[in-house]
Amino acid sequence: MIWGIFKRDMCHATRNVIAVIVSMGLVVVPALYAWFNIAASWDPYGNTKALKVAVANNDKGYKSDLIPVRVNVGETIISTLHANDQLDWQFVKSDKAIDGVKSGEYYAAIVIPKGFSADMMTLFSPDIKHAQLKYYLNEKINPIAPHITDQGATTVVNTIDKTFAKTIAQVGLDLASSILHYSQSPQMAEYMRNLNGNLTTMADTLSGASQQVTSYSQLLGSANDIVDSTGKLLASATKAGKQAQNALKQGKSGATSLTSAGANVTSSVNTALDQVSGAFDQVAAKVNKAFDAIGKDSDTAASQLATLSEQISSGESLYDTYITSLNHMRESVEQLPDSDSAKQALLEAIDREITLLEAAKGDSQKLAQQLKDASTQVTQDTAAAERSRKEILNRITSAKQSISNVRDDYATNVKPKIDALVSTVSTLISQTDSIITQLSGTADDLDDVTGDVGTNVTSIRSTLGAIAKKLDSSAATVKELITKLETGGNAGDGNSDGGDGDNDADSGESDELRALATANASTLSTLISAPVALHRVSVYPIANYGSAMAPFYTILSIWVGAIILCAMLKVTISDREKAHVLGLGDTLPRIAGPSGPGNASRWGLRLDHEYFGRYAIFALLALLQGTLVCLGDTYFLGVQANHALQFLAVGWLAALVFSNIVYTLTVSFGDIGKAVAVVLLVMQVAGSGGTFPIETLPKFFQMLYPFLPFPHAIDAMHAAMAGSYGNEYLLDMVYLSLFLIPSLLLGLVLRKPVIRLNNWVSRNLESTKVM
């Protein structure tokens, strides 16, 4: 049944010229689609010469003492770009370059600023400043052009870097060569002799400086001993100050005692003298009264006089108390400093006061004796008693006068001097105490300073010792340098007097330096500017960009060919064709029912016969499409195909799989199936990895990637073109074949439940008279 359907389809497709032309067109059109795209992208990056890129140079150049030549990197860039044909470089003014980018006349523009060379030369200064090119880009003209012009701009930057490094290296090598030639001249020999003399002087100077530093360190050691002695002296001064302060405290105590004693004596004297003076008045009255009673009652008068005598005698203790107080006062005054002029006068006044008190005491004693004597006389002789009365009254008057003299002398001479001395001593003690306190604090501070000085001197001596060692080491280094210079000079002179191995080594180093300096400076500077060269090793190399894109466009054209086949050919079999295949004439019997898939199954033409019978012509034309496009890629365009048969096999398998998928969608869902085939085409163009790596695509396409046939077909074709890693080719072919399973499952099994639905949709579309 399948063969019968296929034979009738072939007869109908070749029945007339138009049918043959259309059939050929169905085979050729997909190939043209692939070939045009592959040829158009054959070498797009090799045809960038027509891309206009403007270059404007505003660089003012740079000149310095370090490099005594004028440097203008901008001019070097312009000269280099004149010889560069990667892009169509347009050398214009900066204003025109920027305006040309805006208008679309230029794809991009590079503007070299005024201070470009100066900024590049900051490499030799502490303040390094990056030199910047201004790059203007028009991104709306073409999506690929910006990437191409970016590559051109990168080329300019790399050229600048290499040119700059090459220039600096060439200047350095030229300078080294000049120095080498100059080193062999007579002037250099004279300079070397002068240098050796100066270095010898320098070495001697360094050695002398080391000795001076050592001597200074020893001098500081002596100074440290002086500082220690000063510290001890200050400690003694501090101790003496503390002793003096203690003495002042004692003096202050004496002054306090003197003040207290003076106050007590003053109070006691005034009170006592008043009492004594009053007592003497009472005694006088009582004496007169006693003597008046002599004639009347002599015994009573004698008793009264004896009593008065005892009272006067008992009052003598008051004089002793007063004298004792004055002696205490005298002791307090003696404790005061001898330098005080008031001290001796006060002592004399106190002594005089004591003498007066003793005289008053004597008068009291005599008065008491007279009263005693009178008490015995009143009973014996009246006339003698009267004489005694007069003497006693005179004695009382004399005693009162002595008391008055004591009081007046004390108030006039003693007390003022005590007050003045106490005030002077107190002021002196306060001032002296303040001075000694300050002296003690100063001594403590000086003690701290001397301690710090001692520590610092020790540290300085240690530092000076290290400096002396450094100076000795420097002197030794300079002497070693002198020896090497003398040896180098002999080697340069070419003397061959049987020197040792060191001279041979130095001579070898001189020969290497001479060889380096006499080499081609341009070649060496080029090597220095680009010391690393990129050696590109291609793994599975592809001849050109067109060959690299051929798998994508070829597989895409095969899918497009499958869609064209379903758009141009009928996927269903009419009842008339079924009847002819079955040998039933021009029509099926009425019992077959409405026209549609499977309605002739009772006569042996099953649904699977119809599916494969009509698909046979689709498969044949698809194989022809795949064959034509693959052979055209290989032999017409010259696409790289290291394994041509494998390349062709991928085209055949892709044609069968794609045509079967599109055919099954169309036969199952009609025009809706065709739309689904177009949607799948669009999805696979974006997510197949034919243009950009899958890893660079959004996450959705990366997840969808394994479930699309395009990626496996493209990978298999790449493996056939450039070589396969292991079973890579076979695995991709197997993965591609597996897509036939769901397609056949849908066309043979799952299709049956939707036949009626598909027929109903088709009838409604046809009823519109438009679709």
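Helix α20 is mostly covered, with 12 of its 14 residues buried (under 20% relative accessible area with a 1.4 Å probe and protein chains only; over 50% is exposed and values in between are partly exposed). Helices are DSSP runs of H or I with at least four residues, numbered from the N terminus. The structure is a predicted model, in which local features need pLDDT of at least 70, side-chain atom pairs count only at pLDDT 80 or more, and totals for chains, interfaces and linings use all residues. Residues are numbered from 1 along each chain as its sequence is written, and side-chain values use heavy atoms, without hydrogens and water.

The end C-alpha atoms of α20 (residues 709-722) are 20 Å apart, which agrees with the 20 Å that its 14 residues should span at 1.5 Å a residue; the expected span is 1.5 Å times one less than the number of residues. Just after α20, Gly 723 takes a positive phi of about 125 degrees.

A search of the whole structure finds 10 aromatic pairs (rings of Phe, Tyr and Trp, the last by its six-membered ring, with centres within 6.5 Å; planes under 30 degrees apart are stacked, over 60 edge-to-face and the rest tilted). The rings of Tyr 615 and Tyr 663 are tilted, because their planes lie at 45 degrees, with centres 5.2 Å apart. This pair links helix α16 (residues 607-637) to helix α17 (residues 644-669), its members being 48 residues apart. Tyr 663 is buried, with a relative accessible area of 0%. Phe 658 and Phe 710 also form a tilted pair, with centres 5.5 Å apart and planes at 40 degrees. Phe 658 lies in α17 and Phe 710 in α20, 52 residues apart, and both are buried.

Technical notes: Helices (H or I, at least four residues) and strands (E, at least two) are DSSP runs, numbered from the N terminus.
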